Amino acid sequence: MSVLLRAATLDDLDGIMAIETTTFASDAWSRASMTHELTAPGGRYLVATAEGDDTTVMGYAGMLAPKGARQADVQTIAVLAEHRGRGLGRAMLTQLLGEARQARVHEVFLEVRADNPGAQHLYESLGFEPIAVRKRYYQPDGVDAVVMRLSVPAAVTETTPTRAEPFGDAPLDRQEDLE
């Protein structure tokens, strides 16, 4: 299946919230919080859609990197259950990390649930390292958060050409064949 990665807009909010509330049932962000995230300065949110169906959101990911900052934070990433295991999460996170590199970010941080080894493995495979634990961070479940950090390496080669501009300066359209 061909997948399009593009900048998220408020038109994607319903699709994002459908994934948010099913994926993070006990600690999902509110619609107001997600609206704020999608419109915040320095934020960059992506959605994954099927080629030919640009309205059905299969996954989303977001990062915050204020202009000129040397650190960024992965805010969230989620993929519909039926589309997991196909590389969508990796593709979206890789795109965001490339944009962080273009913005001259030196470090990227994130928190991940301690009871989510699949996500931890994904992050580790991309170079993130665990640096701390925040006890009972995820509420109401009381699950610990593993804080992870990636030292962003300088770009040596460009592996995937895109028309993306760093963090919200221009629309993003990127298509991948993920099967």
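Trainee: How do the axes of helix H1 and helix H2 cross, and at roughly what angle?

Mentor: In this predicted model, the axes of H1 (residues 13-23) and H2 (residues 31-39) come within 11 Å and cross at roughly 125°. Angles of 65 to 115 degrees count as roughly perpendicular and those over 145 as roughly antiparallel, so H1 is oblique to H2. The crossing of H1 past H2 is right-handed.

Trainee: Which residues make the contact?

Mentor: H1 contributes Leu13, Asp14, Ile16, Met17 and Glu20, and H2 contributes Arg31, Met34, Thr35 and Leu38. By class, five of the contact residues are nonpolar, one is polar and three are charged.

Trainee: How should I read a nonpolar core?

Mentor: In soluble globular proteins, nonpolar side chains tend to be buried together. Here the largest nonpolar core has 32 residues. Met63, Met92, Val108, Tyr123 and Phe128 have the most contacts inside it. Elements that each supply at least two residues include strand S1 (2-7), strand S3 (53-64) and H4. Helix H3 gives the most, with seven residues. A second, separate core of 13 residues includes Leu13, Ile16, Met34 and Leu38.

Trainee: What does Val108 touch, leaving out residues up to four places away in sequence?

Mentor: Val108 touches Met63, Ala72, Val74, Leu97, Ala100, Phe128, Met148, Arg149, Leu150 and Val152.

Trainee: Where is Leu126?

Mentor: Leu126 lies in the loop between helix H4 (117-125) and strand S6 (129-138). Not counting residues up to four places away in sequence, Leu126 touches Arg90, Leu93, Thr94 and Leu150. Leu126 and Leu93 are 33 residues apart in sequence, with their C-alpha atoms 8.9 Å apart in space.

Definitions and conventions: Residues are numbered from 1 along each chain as its sequence is written. This is a predicted model: local features need pLDDT of at least 70, side-chain atom pairs count only at pLDDT 80 or more; totals for chains, interfaces and linings use all residues. Side-chain values use heavy atoms; hydrogens and water are left out. Axes are lines fitted to C-alpha atoms, for helices over the stretch in contact, and angles run from 0 to 180 degrees between N-to-C directions. Helices (H or I, at least four residues) and strands (E, at least two) are DSSP runs, numbered from the N terminus. Angles under 35 degrees count as roughly parallel, over 145 as roughly antiparallel, 65 to 115 as roughly perpendicular and the rest as oblique. A crossing is left-handed if the near helix is turned anticlockwise from the far one by less than a right angle, and right-handed if clockwise. Contact means heavy atoms within 4.5 Å. Ala, Val, Leu, Ile, Met, Phe, Trp, Tyr, Cys and Pro count as nonpolar, Asp, Glu, Lys and Arg as charged, and the others, Gly among them, as polar. A nonpolar core is a set of buried Ala, Val, Leu, Ile, Met, Phe, Trp, Tyr and Cys residues joined through side-chain atoms within 4.5 Å. Buried means under 20% relative accessible area, exposed over 50%, partly exposed in between (1.4 Å probe, protein chains only).
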